[in-house]
Amino acid sequence: MLRFLNKSNYITSSLHKNVVVTRNTLNYCTSTVTNKSSKSSCLNSNKNDNNNSSSAESINIKLDETKKLLEKLRNETTTTTSLNNNNNSNDILTDTFGRVHSYLRISLTERCNLRCQYCMPEEGVPLQPTSQLLTNDEIIRLSKLFVSSGVSKIRFTGGEPLVRKDVEPLIEEIGKIKGLKTIAMTTNGILLNRKIERLHNAGLNLLNISLDTLDTNKFTIITRRLGWERVMESIEKALSLNFNPVKINCVVMRDLNDYEICDFVEMTRDKPIEIRFIEYMPFDGNRWNDKKFVSYKEMLQRIINKFGSIEKCVEDHPNNTSKTYQVPGFTGKVGFITSMSEHFCSSCNRLRITADGNLKVCLFGNAEVSLRDFMRVGATDEDLLKIINAAVLKKKESHAGMYEIAKSQNRPMILIVYLHLKLWLKNILSFINTICITTTSNKRSTSTSTSTSTLFNNGNNMNMFGYVLATAAVARCYSTKSNNNNNNSNNGNKEFTHIDQVKRLPTMVDVSDKLVTKRSATARAVIEFPEFVLSQLTGSSGVGEVADGVAAAVSSSRDIQSKKGPVFATSIVAGTMAVKNTSNLIPFCHPLPIENCKFNIEIISKTSVQVDCTVSVTHKTGVEMEALTGCSVASLCIYDMCKALSHAIVIKEIKLLSKTGGKSDISLEIPKEKTN
Ligand SMILES: Nc1nc2c(ncn2[C@@H]2O[C@H](COP(=O)(O)OP(=O)(O)OP(=O)(O)O)[C@@H](O)[C@H]2O)c(=O)[nH]1
Ligand SMILES: C[S@@+](CC[C@H](N)C(=O)[O-])C[C@H]1O[C@@H](n2cnc3c(N)ncnc32)[C@H](O)[C@@H]1O
Ligand code: SF4
Ligand code: SF4
């Protein structure tokens with residue numbers, strides 16, 4: 001789902017050569033979307049207007065206005081377009097520059113199951129209610145209409161077209177349209193493997209699969225989701241079904257995947273794959289900047305450097321977005337989509353329909369007309385053709401000035417630690433209860449491991465938090481000495497200090513007779529990262545810089561930044577909140593007036609971060625649970641801040657390092673020196 005910057009001033013103004021444009025009804029219907037509050041009923045609907053009660057009302061008003069426009073349109077005897085003089089139905093899709101539009105792209109949905117950095121913000125985009133999207137019947141009707149006007153190729157795209165539930169029956173109907181030669185789809189490949197056979201049988205005969213990296217971990221960074229293996233399986237499946245070529249779209253971004261260009265080209269050695277390198281384009285929110293941009297000329301040079309030579313294919317169709325090449329002797333091809341450095345507007349043959357039914361005559365233009373609204377107020381095919389023709393006649397000659405497009409905005413997410421803690425607390429209390437009761441049988445290891453594996457299998461953050469704190473809660477059940485039991489819990493004693501020995505029910509340890517002393521405890525967690533994640537977070541970009549970047553971070557102990565903000569600083573806030581909340585989280589912890597709480601978070605190697613938490617209090621009971629809880633939550637927060645880059649981040653260990661001020665002091669481990 002491309003959300004390119006809508007800047008009206010970057011489209012070159014062009015004189016319409018054959019048509020005198022006056023402001024009549026048709027012209028009004030297809031006018032440029034410059035003001036969302038415009039009264040025009042056929043203009044693009046406000047995408048954010050999707051879930052309030054007034055939206056139904058505003059949709060009705062829009063439809064009423066569309067109805068009036070339609071009546072007005074029908075009453076007008078002459079229009080400014082040449083449609084009435086056209087005997088040839090193909091002319092309906094011919095613009096004022098003589099470009100014949102035979103290629104229609106239809107977006108099937110605004111939804112997507114990936115969040116590619118260059119395309120979508122991490123949180124997704126505001127979605128319209130399904131009722132505002134085109135139904136299958138409407139898509140089929142429009143497809144037939146466009147095919148009868150000269151369209152011979154329809155490409156389905158999105159969002160991710162395959163997340164649309166009724167995509168297979170739709171393609172089956174589209175496959176029956178006479179005169180439609182090519183049914184194409186652009187997909188991210190995640191769901192393709194299981195749908196491809198039915199789609200193929202329905203007549204889908206051209207497939208473009210997007211894949212920006214051959215590295216599974218990098219895939220997670222770029223798309224912010226898992227799934228690289230599934231895409232690869234889909235590519236194999238498409239090849240086995242003899243899609244020829246299978247086109248692979250790869251958006252090239254400097255320092256992210258540009259060093260993989262030659263690996264992609266290598267895939268074309270024996271397979272009928274056409275790898276198409278796309279110049280990275282700006283859109284609102286994708287952090288485009290010209291430093292990330294790699295021109296097709298540079299890509300070409302890199303390929304020549306590696307493979308010796310590459311030849312231009314002669315059969316390039318003028319309407320192609322792609323300039324096609326081939327390494328001599330290789331089966332597949334290499335294409336370059338040069339939207340940025342060399343636009344291909346002079347031979348443009350494409351129109352597009354958005355998922356909510358707006359006709360867009362140019363990818364970069366902001367003029368849209370809602371065919372959906374006209375259909376929904378009873379427009380006939382003839383009415384629709386008039387409207388489509390008027391829109392086509394308003395198409396500009398080209399887009400231009402891409403380099404002038406403003407840099408994107410980057411709005412980091414606001415982190416509300418307190419809210420998180422409240423949610424976590426609600427979720428965890430019942431689980432902790434279960435764990436503590438389960439462990440009252442003397443089979444501690446069996447029962448806890450069963451429960452924790454269930455949690456991990458669930459695999460969400462909430463449960464991970466549950467796991468960490470539940471583990472801490474189990475530690476609590478075994479750690480503090482019972483009032484009526486002088487055995488040290490480290491010596492294999494099987495009596496549980498938090499279980500009433502007579503009634504066998506959970507109970508708090510009575511500390512009323514204990515002496516107030518100054519106590520402190522230090523706990524530690526170690527978090528293991530995939531190497532590329534830390535290198536990315538420390539700002540070292542190229543592979544060769546990994547060690548340097550991390551070394552710099554180690555030596556300066558500086559914070560690291562993720563998309564959500566400063567990772568360590570945020571985690572310290574989270575950990576401190578957790579320390580203060582320990583007695584609310586761990587059932588038998590006494591509330592304590594914490595006097596000090598310090599965190600030390602450091603990158604200790606290319607792949608690991610160490611979190612130390614020291615807590616002090618002057619009271620009757622110790623603060624080891626507070627220190628452990630602080631470490632746990634700070635670690636979880638680090639995971640949360642970085643998980644967009646990888647889900648392979650592991651909170652490796654959480655343990656007590658030292659404890660002072662009680663009956664006996666414990667020092668389990670002397671903190672290690674930093675290592676590289
Ligand atoms: N300038 C411009 N670029 C486009 C347009 N349509 C697609 N592209 C670019 O082409 C890339 C690949 O698009 P695809 O969905 O694979 O479609 P395609 O290139 O038309 O595919 P083929 O039909 O195989 O030529 C997109 O990511 C855009 O960068 C368009 O109308 N205008
Ligand atoms: C928007 S996607 C929709 C179809 C499908 N979800 C997919 O990813 O293939 C269509 C194509 O646009 C490309 N694209 C998205 N954002 C882009 C950008 N900023 N610059 C260049 N191409 C982009 C994607 O790589 C993909 O090949
Ligand atoms: S797969 Fe990626 S490029 Fe395609 S719509 Fe989703 S986020 Fe955009
Ligand atoms: S930018 Fe507009 S005119 Fe140029 S090729 Fe794309 S759709 Fe056609």
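## Packing of two helices

In this predicted model, helix H17 (residues 567-580) packs with helix H19 (residues 624-642) at an angle of about 145 degrees, and their axes lie 7 Å apart; helices are DSSP runs (H or I) of at least four residues, strands (E) of at least two, numbered from the N terminus. Axes are lines fitted to C-alpha atoms, for helices over the stretch in contact, and angles run from 0 to 180 degrees between N-to-C directions.

The contact (heavy atoms within 4.5 Å) involves residues including Ala574 and Gly575 of H17 and Gly630 and Val633 of H19.

## Aromatic pairs

Rings of Phe, Tyr and Trp (its six-membered ring) pair if their centres lie within 6.5 Å, with planes under 30 degrees apart counted as stacked, over 60 as edge-to-face and the rest as tilted; the count comes to 5 aromatic pairs. Phe277 and Phe336 form a tilted pair, 6.0 Å centre to centre with 40 degrees between the planes. Phe277 lies in strand S6 (residues 273-279) and Phe336 in strand S9 (residues 333-337), so this pair ties together parts that are 59 residues apart in sequence.

Both Phe277 and Phe336 are buried, meaning under 20% relative accessible area (1.4 Å probe, protein chains only). Ring pairs link Phe264, Phe277, Tyr296, Tyr325 and Phe336 into a cluster.

## Basis of the values

Residues are numbered from 1 along each chain as its sequence is written, and side-chain values use heavy atoms, with hydrogens and water left out. Local features need pLDDT of at least 70, side-chain atom pairs count only at pLDDT 80 or more, and totals for chains, interfaces and linings use all residues.

Conventions:
Chains are lettered from A and ligands numbered from 1 in the order in which they are written. Buried means under 20% relative accessible area, exposed over 50%, partly exposed in between (1.4 Å probe, protein chains only).
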